[in-house]
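Subject: Structure handover

Hello,

Here is the structure I promised to pass on. Please open it alongside this email, and my notes follow below.

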Amino acid sequence: MAYQQEIVTPYNKEERKGKQVEKMFDRIAPTYDRLNHTLSLGIDRFWRNKAIDSLKPFSPQNILDIATGTGDFAILAAKHLKPRKIIGADISQEMMEVAAHKVNQQVLEHVISFQKEDCMKLSFPDGTFDAVTSAYGVRNFENLDAGLREMLRVLRPGGHLLIVELTPPPRFPMKQLFWIYAHVVMPLIGRLISHDNSAYTYLPASMEAFPQAEQMEGVLRRAGFTDVLWHRFTFGISTMYLATAPL
């Protein structure tokens, strides 16, 4: 099944989406953290904390953080969940270099390591991980169904998938206010700080094209996950999805 998010790309239409996403994140890696926290007014830290805490009852020991970016979600998971091992996987080497520096600063390199991976075809054996996480990266997948099936494949039976994504608020007046912010303010600040004219135009476009709430629940169930739950944060600007790999 094709999804609208798969045809929304950062740059031209001639190169496959995955390669464009890799180039985009390599370009904006040095300014990514500052922009991320600026554009979200710092609320993204609250969303990440709440999402990670949803995994506490399951005590996952081996975690894969997909589209790990600059490693914030992996670092939070290490601190909140106390696992034995976390692998942060990403298509962008530049983003992971920023992540590795942060991990070293916080003396977490004995828990967190990084590996360049194509999320459409992960290199890990079946059933490797107790939990797979992804914060604000799944909407960048070139093929959503393929990426989710890979996440399911590397989860052990009964393991958990945790996804957090940006989503447009569903109700007035936040829906209208957020549209203005996403389409006017966000691209302007993004251009000024990152010097990439496309990255922060792509962000709201990919967010709006991504399957939302009940629709994403259906996507996860079709991929093979069970016990799918979702929860909106802050008027629906961010949504968390928690699902289970069947036994």
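One thing before the details: this is a predicted model.

**Pockets**

The second largest pocket holds about 180 Å³ of space. Its lining is made of Asp-33, His-37, Asp-44, Arg-45, Arg-48, Asn-49, Asp-72, Ile-75, Leu-76, Lys-79, Lys-102 and Gln-106. Sort these by class and you get seven charged, three polar and two nonpolar residues. Three helices each supply at least two residues of this lining: H2, H3 and H4 (72-81).

Now the largest pocket. Its volume is about 480 Å³. The lining has 27 residues. Leu-39, Ser-40, Leu-166, Met-186 and Leu-203 lie nearest the centre of this pocket. Helices H1 (17-28), H2 (32-39), H3 (43-53), H7 (174-194) and H8 (199-209) each give two or more residues to the lining. What classes of residue line the largest pocket? There are 22 nonpolar, two polar and three charged residues.

**The cavity**

A probe the size of a water molecule, rolled over the atoms, shows where empty space is left.

How many cavities of 30 Å³ or more does a search of the whole structure find? The search finds one. The volume of this largest cavity is about 340 Å³. It is lined by 28 residues, and Phe-25, Ala-67, Asp-90, Gly-137 and Asn-140 are the closest to its centre. H1, H2 and H4 each supply at least two lining residues. H1 gives the most, with three residues. By class, the lining of the largest cavity has twelve nonpolar, eight polar and eight charged residues.

**Helix H7**

H7 is worth a look of its own. It has a kink of about 35 degrees, centred on Ala-182. Ala-182 is also one of the buried residues of H7. What do the buried residues of H7 pack against? They pack against H1, H2 and H8. Just after H7 comes His-195, with a positive phi of about 60 degrees.

**Backbone angles to check**

Most residues other than glycine have a negative phi, and most peptide bonds are trans.

- Val-107 has a positive phi, near 55 degrees, and is not a glycine. Its place is the loop between helix H5 (93-105) and strand E3. Is Val-107 buried or exposed? Val-107 counts as exposed because its relative accessibility is 55%, and the cut-off for exposed is over 50%.
- Ala-213 is not a glycine either, yet its phi is positive, at about 45 degrees. This residue is in helix H9 (residues 213-223). Ala-213 counts as buried because its relative accessibility is 1%, and buried means under 20%.
- The peptide bond from Phe-172 to Pro-173 is cis, with omega near 0 degrees. Pro-173 is in the loop between strand E5 (155-166) and H7.

**Two residues and their surroundings**

Take Ser-238 to begin with. Ser-238 is in strand E7 (residues 238-244). It is buried, with a relative accessible area of 0%. A polar atom of the Ser-238 side chain lies 3.4 Å from the backbone oxygen of Glu-165. Leave aside its neighbours within four places in sequence, and Ser-238 is in contact with Trp-47, Tyr-136, Val-164, Glu-165, Leu-166, Thr-167, His-231, Arg-232 and Phe-233.

Then go to Met-120. Where is Met-120? It lies in the loop between strand E3 (112-116) and strand E4 (129-135). Met-120 and Asp-145 are 25 residues apart along the chain, and their C-alpha atoms are separated by 9.0 Å. Not counting residues up to four places away in sequence, Met-120 touches Phe-141, Glu-142, Asn-143, Ala-146, Gly-147 and Glu-150.

Best wishes

Methods:
Residues numbered from 1 in each chain as written. Predicted model: local features only at pLDDT ≥ 70, side-chain atom pairs only at ≥ 80, totals over all residues. Heavy atoms only, no water. 1 Å grid on protein atoms, 1.4 Å probe; cavity = no way out; pocket = protein on both sides within 12 Å on 5 of 7 lines; lining within 4 Å. Points joined across faces, edges and corners; volume = space filled by probe spheres on them. Helix = DSSP H or I, 4+ residues; strand = E, 2+ residues; numbered from the N terminus. Nonpolar A, V, L, I, M, F, W, Y, C, P; charged D, E, K, R; others polar. Buried < 20%, exposed > 50% of the residue type's maximum accessible area, 1.4 Å probe, protein only. Polar contact = N/O pair within 3.5 Å; in protein donor to acceptor, adjacent residues only side chain to side chain. Contact = heavy atoms within 4.5 Å. Bend = angle between axes of the 7 residues up to and from the residue.
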